[in-house]
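Subject: Structure for your review

Dear colleague,

I am handing over the structure below, and my notes on it follow. Please read the two side by side.

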Amino acid sequence: MSSFEDRKVQGMIFNIQKYSVHDGPGIRTIVFTKGCPLRCSWCSNPESQEYGPELACNKGRCLGFDKCSYCLDVCPKGAIGADAENLVHVNRSLCGDCPHLCAEACPAQSLIVYGKMRSVEDVLSVVEQDAVFYTRSGGGLTLSGGEPLLQHDFAMALLREAKKRRVRTAIETCGMIPWETLHGASRLVNDMLFDLKHMNSGDHERHTGMGNARILDNFKRLAGLQNTPPILVRTPVIPDFNDNEEAIRAIAEFLRPFKEGVSYELLPYHRLGTQKYHFLDRIPSMGEVQLDKKRFSSLQDTAQSILGDRLVRTD
Amino acid sequence: MYDYAGCDCVSPQEQRLLESIEGKENMFRQTHPRVFKMLERFDGQKPRIDVERALYFTQSMKETEGQPLPLRWAKALMHIAQNITVYVQEDQLLLGRAGCDGRYGILYPELDGDFLDIAVRDLPTRSQSPATITEEDAKLVIEEVAPYWKGKTYHEALSKAFPPEVHKLTYDDPEGLISRFIVNETSSFRSSLQWVHDYEKILKRGFNGIRREAEEKLAALDPMSPVDNCEKKPFLEAIVIVCEAIVLWARRHAELAYQMAEKEKDPIRRAELQRMAEIAEHVPGEPARNFYEAVQSQWFTQMFSRLEQKTGTTISNGRMDQYFYPYYISDMNEGRITEEQAMELLECMWVGMAEFIDMYISPTGGAFNEGYAHWEAVTVGGQTPEGYDATNELTHLILKSKREFPLHYPDLAARIHSRSPESYLWDVAETIKDGSGFPKIINDEEIVPLYVSKGATFEEALDYAVSGCTEARMPNRDTYTSGGAYINFAAAVEMVLRNGRMKKYGDQVLGVETGDPCSFASWEDFWEAYKAQHILFMKTAFIQQYIIIQLRARHFAQPLGSAMHDLCMKHCVDLHQPRIPEGIDLGYFEYMGLGTVVDSLAAIKKLVFEEKRLTMRQVLDAIDANFEGHENVQALLRSAPCYGNNDPYADAIGRDIDRISVEFGKAYSKELGIHNDVRYVPFTSHVPFGKVVSATPNGRTEWFSLSDGSSASHGADVNGPTAVLLSNYNTKNMGMRERAARMLNIKFTPKCVEGDQGTEKLVSFMRTLCDLKLWHVQFNVIRKETLIAAQKDPAKYRNLIVRIAGYSAYFVDLSPDLQNDLIARTEHDNM
């Protein structure tokens with residue numbers, strides 16, 4: 001496709017985050033797309049899972065109906081009402097396909113919409129605002145999700161156009177996508193962030209909804225190719241899922257043979273996404289569990305004993 | 001995808017605090033035993049007022065009435081040098097202080113003598129920067145000092161000299177003691193603007209060298225010339241006297257050290273005292289011969305300078321890693337000193353700085369400089385006068401000391417430029433990450449070309465030293481010392497909304513009666529009304545400055561500072577005179593509340609005039625009610641574009657506002673004979689200035705602090721730190737030269753700069769700041785939780801150091817208002 005056409009391609013985006021310093025080299029901007037094939041129980045971005053726009057309701061910011069009723073006045077479906085504390089409540093069964101006038105009217109950002117169709121041109125104009133920072137730091141654009149390659153046409157158009165404009169790119173993938181798609185994207189990006197969550201397919205399926213066969217297969221093919229960009233493999237360490245010696249050892253052993261350009265990082269579980277489940281009237285399935293700091297550190301030791309300085313430590 | 005977020009991460013400073021709460025010893029105590037011992041002696045002490053300087057100064061001034069001012073000042077310094085108590089402190093390796101043991105402050109009755117009697121009674125109990133005074137000393141002030149100065153001080157003369165229309169925007173009382181906090185003059189609570197001496201000259205030539213120069217010039221005067229007789233002769237005599245005075249003062253220290261050495265039983269300390277005495281006999285009269293002598297010579301010079309006058313923000317220290325370097329490296333090469341010994345000497349100096357408290361007696365001065373503010377700016381890094389990188393081993397040693405020395409002294413400034421070595425920037429970044437807010441970053445790429453455009457040579461501009469909070473001085477070319485106006489432009493917005501009035505001051509018309517804002521048909525009408533208020537404030541500030549410049553020379557002289565200045569010596573003119581041939585007068589006025597004003601105007605423009613989601617009446621009603629019952633209007637106003645987000649809508653307004661300031665400066669600076677340029681550096685004054693401004697259209701509630709410097713309004717910068725930098729860049733009028741410093745505060749969580757990766761990214765961040773030619777940035781690396789905990793439990797957190805406004809202070813020394821202001825600053829993370 002020509003650059004002219006690429007620039008017009010649209011994607012469903014739920015966030016563009018500046019000054020990201022933990023997702024690829026240098027100072028970066030992350031573009032988050034909506035839609036994911038997995039349903040990880042610990043997911044910290046629940047708004048990223050479904051493809052379509054979603055109305056979120058943050059009661060903490062609501063001024064209360066005694067002070068403000070802008071949303072009530074504009075809802076065409078009668079889906080908005082007051083809860084016991086006179087704060088906004090969305091009746092999800094009535095709320096449906098509409099342009100979310102309520103969120104537009106809300107002055108307090110209590111009602112917001114996750115997800116908006118945006119063109120490659122629009123997204124890149126935001127990304128390029130920080131170009132002066134990429135120059136110095138070796139940073140650039142990181143395309144993330146959801147699973148960004150689910151929106152294949154948009155992702156490819158964005159990466160092509162970014163490359164044309166000399167914006168360095170990275171993609172963050174869960175690997176659960178057709179090989180051809182992954183392969184195509186890998187030819188365009190400068191860095192890859194690849195999630196490996198568990199080597200045991202049964203455990204993987206129980207906590208993400210899908211087995212890991214395709215992910216592992218994709219990884220092997222990708223890492224085996226010549227001219228593949230550097231890959232940073234990442235494992236979120238999740239209590240009662242993979243926060244044990246055996247699980248981490250298995251991943252590290254799996255990675256050991258892929259020497260060229262494959263490094264590894266463990267990410268500690270955190271609960272910062274919990275609130276967003278409530279905004280979407282969903283229940284976070286992880287409950288109150290927390291990751292033991294010492295255990296996390298010792299799991300890093302384990303991985304380091306196998307991978308040496310290919311392990312990127314986070315403490 | 002899974003976000004990156006880690007375990008709890010704290011800065012090294014927070015770690016040390018947590019350890020001290022657990023009762024563990026500071027990890028650096030072992031390697032710095034001497035300075036820790038000295039520090040423990042005054043830890044947590046409230047400063048005491050020492051009245052000797054005020055007393056001897058006053059005694060001498062009584063005797064010399066009618067004589068030329070520089071001469072009177074020199075004689076007063078000689079009287080002080082002869083009589084003031086000299087001290088040799090336990091464990092200390094350096095000699096020279098301006099008052100008693102421990103934390104102390106001294107008085108400058110030439111500034112505030114007329115109300116000192118009242119002030120000394122209030123000092124111990126006032127909320128901002130309190131101090132103690134003995135009953136005996138208070139009596140001396142009340143009976144022997146204060147009465148002489150009634151009717152003679154500068155601020156009394158100034159208050160009388162202002163025309164009524166200027167007076168009413170400046171002061172809230174007829175005597176001019178209480179500020180209006182609208183167009184605030186700052187020339188009366190300090191003897192001068194920030195200043196930095198050419199210390200190198202003293203190290204190389206000594207005061208005896210300067211004295212001889214003055215004597216030769218005296219001998220060469222035209223005996224028939226009236227100018228030579230009336231102007232140059234007394235000036236040069238003053239130089240001779242002041243050079244003799246400082247040498248005499250040093251020798252009195254030498255004598256005392258000899259006496260104590262004789263009595264000393266410990267042979268190690270006896271040898272130390274012996275050496276201290278020998279050094280004090282030699283410097284600062286003669287040139288320094290080694291590192292120890294250089295440090296002692298510099299210290300005598302800056303302490304005597306503190307006795308000479310109250311330099312705004314404390315006298316700065318200049319490019320310490322440059323002028324000490326030749327002595328350091330030759331001592332190191334010859335094996336005469338170790339790194340540890342050199343660091344110990346420097347830290348003995350930091351201890352001396354920490355004991356001296358720069359007291360502000362007037363209520364306005366106190367509000368400007370909360371938490372015992374101090375900016376003795378030690379400059380490191382930057383470029384040589386030839387334009388090469390200037391960093392050296394001493395640069396790194398000073399940075400190391402900054403990480404290990406437990407107090408917020410000295411104020412440290414790191415100059416950076418486009419070719420600053422990676423090793424230097426890493427060291428700077430590691431120091432910032434320690435979390436106490438040091439060093440502040442000052443950018444050569446903005447300052448050097450700007451100063452050249454204002455008339456300096458490249459050599460002079462490349463050799464600038466950071467002075468005070470964020471300013472830069474060329475110590476032999478700069479000649480301007482009058483404090484400039486701090487202008488509350490948020491009040492201009494309020495005056496548009498209230499037809500020239502302010503809620504705080506009732507029906508009194510203070511500004512321009514621009515009409516009922518509900519009658520404005522378009523945004524242009526509103527903008528013109530703002531502009532009218534803005535220009536009225538500028539006009540007032542420039543009239544103030546004109547009068548200030550005329551008056552000050554009759555009240556202040558600075559023979560010691562003049563002795564170190566090439567141009568003063570060449571032309572035989574005191575540094576406080578308004579016209580010094582060949583000098584460059586870099587003055588400035590302060591734009592207070594940039595974020596507050598931009599956000600307010602953007603909200604009005606967008607919501608009232610463009611989208612028409614609100615009527616002007618609704619906005620006014622909401623503001624009158626301080627948003628109570630109008631929370632929806634407040635929320636809507638807050639949702640408008642804000643400064644600090646790299647939002648072209650808001651930034652364009654910011655640039656237009658800046659444009660009014662620089663254009664006015666360009667038009668009328670010439671009449672003042674100075675560069676009177678716009679600056680965005682509030683110290684802590686955005687808090688008291690906020691206290692006179694009612695609710696503003698950016699959703700800010702009444703009396704809350706204004707936005708500070710060129711930082712965004714509290715919590716308004718939601719797009720991260722890169723956007724804050726870009727907004728700064730976007731709001732400058734780069735095509736014009738009428739700009740001075742811009743102060744920028746950025747708060748990072750420790751997590752955001754964690755590990756080598758974090759350091760690397762902080763370095764790139766600073767390099768980009770350099771590319772963007774932003775003047776200054778300073779960082780707080782601290783968790784909000786720590787600040788909140790410290791506010792609740794001050795006793796445990798009394799050693800917590802935070803960055804405020806070009807300086808760092810103990811968090812618990814700050815007023816609750818300023819503490820809240822700090823907590824409310826947006827914390828940048830990367831979740």
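In these notes, a residue is called buried when its relative accessible area is under 20%, exposed when that area is over 50%, and partly exposed in between, with a 1.4 Å probe and protein chains only. This is a predicted model, in which local features need pLDDT of at least 70 and side-chain atom pairs count only at pLDDT 80 or more, whereas totals for chains, interfaces and linings use all residues. Residues are numbered from 1 along each chain as its sequence is written, chains are lettered from A and ligands numbered from 1 in the order in which they are written, and side-chain values use heavy atoms, with hydrogens and water left out.

I begin with the cysteines. By that rule C469(B) is buried, at 0% relative accessibility, and its sulfur lies 20 Å from the closest cysteine sulfur, that of C770(B), which is too far for a bond.

Next comes the interface. Taking contact as heavy atoms within 4.5 Å, 51 residues of chain A are in contact with 36 residues of chain B. The buried area, that is, the accessible area (1.4 Å probe) that two parts lose on being put together, summed over both, is about 3,800 Å² between chain A and chain B, and carbon and sulfur atoms give 57% of it. On the chain A side, Y19(A), H22(A) and R136(A) lose the most area to chain B, together 21% of what that side buries.

Between the two chains there are 2 salt bridges, where a salt bridge is a side-chain nitrogen of Lys or Arg within 4 Å of a carboxyl oxygen of Asp or Glu. The side chains of K67(A) and E631(B) meet in a salt bridge, with an N to O distance of 3.9 Å.

With best regards

Note on methods. Disulfide = S-S within 2.5 Å.
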